[in-house]
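Open the model in your viewer and keep the selection panel at hand.

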Amino acid sequence: MAEPTAALSGVVVRYPGRPPLGPVDLSILPGEIVALVGASGAGKSTILRLLAGLEQPSEGRTACAAGAGRTGFVFQAPTLMPWADARTNVALPLELAGLAPAEARRRADEALRAVGLGDRLTAHPRQLSGGMAMRVSLARALVTEPDLLLLDEPFAALDSITRRGLIEDLHRLWAARTPRPAIVFVTHDVEEAVYLAGRAMVLDAATGRIATERASPGALPRPARWRMDEGYRSAVEDLARALADAMTAPSREVA
Amino acid sequence: MTRLLPPLLLTTLLLAAWEIACRTLGVPPWFLPPPSAVAVALVDRAPVLAASAAATFWMAMQALFVAGVLGGGLALAVSLSRPAEQAVRPLAVALQVTPVVAIAPLVLIWTGLDHADRAVVVLAATVAFFPLFSGVLAGLKAADPDLERLFDLYRATPLQRLLRLRLPAALPFMLEGLRVASGLAVIGAVVAEFVSGSGATQGLAWRLLEAGNRLRTADMLAALALLMVMGLTLNALVSALEGVARRFR
């Protein structure tokens with residue numbers, strides 16, 4: 001088995017006045033797409049931040065094999081600098097890493113073209129629609145050619161058509177890269193999880209642990225018409241049931 | 001132009017009402033001179049008033065500069081450490097709530113009684129300090145927390161974070177602080193001039209005092225009008241700065 005791109009082992013995060021998260025064990029293999037589903041407050045975003053190294057666990061170990069600056073993060077909101085145009089926003093990670101501004105700009109333009117915004121290079125965030133701003137955010141996460149791409153409900157605020165377009169794009173961008181980056185994304189949407197990911201982990205809010213895991217059938221990236229497939233529908237049903245179980249089951253273990 | 005018309009119209013209307021009221025009711029000019037008399041005073045005393053206005057304006061600007069450097073610099077330093085902020089904030093608030101009139105005599109002693117203009121600058125800077133300090137500090141902490149996380153993720157240096165995230169995010173707050181501070185600097189300068197009194201400074205407040213002692217009410221109102229214009233000009237300048245800043249956002 002290949003060495004995981006990122007892993008959590010025995011990770012516990014304690015919050016003041018709330019039940020703790022974990023212990024959680026998970027490992028993300030190079031090039032796989034993993035969905036993290038669960039109720040609000042189950043700790044999905046915390047797991048992403050742990051994987052990114054933005055938060056430290058109270059207990060346990062986190063490991064990340066992604067190179068320095070080679071982790072991309074897409075937040076729930078586009079999280080762009082409102083005073084800077086699309087190009088400057090996307091060039092930011094490269095410039096922070098010390099790349100020459102001209103080279104950073106060139107690569108930013110390239111990344112923006114890859115997400116279909118080649119004609120909006122100098123647009124400011126307020127001039128962009130929600131979907132476009134999210135694409136800029138995606139371009140910024142991809143511009144460093146990350147080994148690990150983390151997405152925190154990135155499409156939740158978008159309408160369903162825009163969301164579908166972005167999901168197709170994400171698949172396409174992921175498939176176009178060699179080696180393919182590992183992707184972990186948080187979602188409430190079981191259909192999105194089944195369609196986009198190779199496997200889905202269900203996080204139980206009551207216990208703060210990963211309740212179960214479901215593999216999605218079929219090779220990635222999937223064609224759009226797979227959504228009509230019987231296999232897709234039964235996988236969605238199965239994951240929805242697993243999620244419902246995780247949300248209603250009483251705490252199985254007494255801490 | 002259409003935006004300027006309603007306030008101009010209202011001002012004209014009020015002045016006309018004032019003029020008519022003074023004339024028809026026969027109000028004595030030492031009590032309330034009509035606007036025409038104030039206009040005459042403005043023209044007659046123009047050289048003196050202009051020099052005094054320039055003196056007050058210059059002292060207020062020096063104060064604003066000092067307050068900006070000290071308030072902004074302190075906010076910047078304090079924004080780097082939470083305990084430092086907690087230590088400094090009550091002192092800054094204490095400085096803000098202390099009436100400037102009350103500390104004026106002390107400052108006058110400390111800066112030297114024959115350097116009243118210095119006392120004016122120090123006092124005006126004292127009142128302008130808090131809005132600048134608090135504006136810059138609030139602004140530096142106003143950046144989107146997810147953007148802060150992004151800078152963490154890409155291991156930004158503190159300097160990169162300051163220049164590329166916190167200062168741009170702070171700009172609107174700084175300008176708002178500047179707007180409040182510029183008004184307060186003029187007020188502080190005038191109050192300080194009043195306290196230092198009897199010709200120690202040659203600003204507009206001294207003209208007000210002097211004219212008041214001689215019951216030259218029209219001269220008083222003329223000086224007051226100039227102070228008003230000064231405040232409006234400063235406000236317009238800050239608005240213009242905000243407009244420029246918005247184009248970069």
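Predicted model: local features only at pLDDT ≥ 70, side-chain atom pairs only at ≥ 80, totals over all residues.

Now show the side chains between them. Which residues of α3(B) meet α8(B)? They are T56(B), M59(B), A60(B), A63(B), L64(B) and A67(B). On the α8(B) side, select A181(B), S182(B), A185(B), V186(B), G188(B), A189(B) and V190(B). Colour this contact by residue type: 10 of its residues are nonpolar, three are polar and none is charged.

Next, stay in chain B and select helix α9 (residues 204-213) and helix α10 (residues 217-247). Their axes are 8 Å apart, at an angle of about 160 degrees. An angle over 145 degrees counts as roughly antiparallel, and α9(B) and α10(B) are therefore roughly antiparallel to each other. The crossing of α9(B) and α10(B) is left-handed.

For the contact itself, pick L204(B), R207(B), L208(B), A211(B) and G212(B) in α9(B). They meet D219(B), M220(B), A223(B), L224(B), L226(B) and L227(B) in α10(B). Coloured by type, the residues of this contact divide into eight nonpolar, one polar and two charged.

Then bring chain A into view. How many residues of chain B are in contact with chain A? There are 14, and they touch 14 residues of chain A. Select α7 (145-153) and α8 (158-196) of chain B: each supplies at least two residues of the side that touches chain A. The most comes from α7(B), with six residues. By type, the side of chain B that touches chain A has seven nonpolar residues, one polar and six charged.

Last, hide chain B and look at chain A by itself. In cartoon view, look for seven helices and nine strands. The radius of gyration of chain A is 18 Å, close to the 18 Å that the globule rule gives for 255 residues, so chain A is as compact as a globular protein of that length. Of the 255 residues of chain A, 44% count as buried. Among contacts in chain A between residues at least 6 apart in sequence, 71% join residues at least 24 apart.

Technical notes:
Residues numbered from 1 in each chain as written. Chains lettered and ligands numbered in written order. Contact = placed C-beta atoms within 7 Å. Helix = DSSP H or I, 4+ residues; strand = E, 2+ residues; numbered from the N terminus. Nonpolar A, V, L, I, M, F, W, Y, C, P; charged D, E, K, R; others polar. Rg over C-alpha atoms; globule rule 2.2 N^0.38 Å. Buried ≥ 20, exposed ≤ 12 C-beta atoms within 10 Å, placed from the backbone. Axes fitted to C-alpha atoms, helices over the stretch in contact; angles between N-to-C directions. Parallel < 35°, antiparallel > 145°, perpendicular 65-115°, else oblique. Left-handed = near helix turned anticlockwise from the far one by under 90°.
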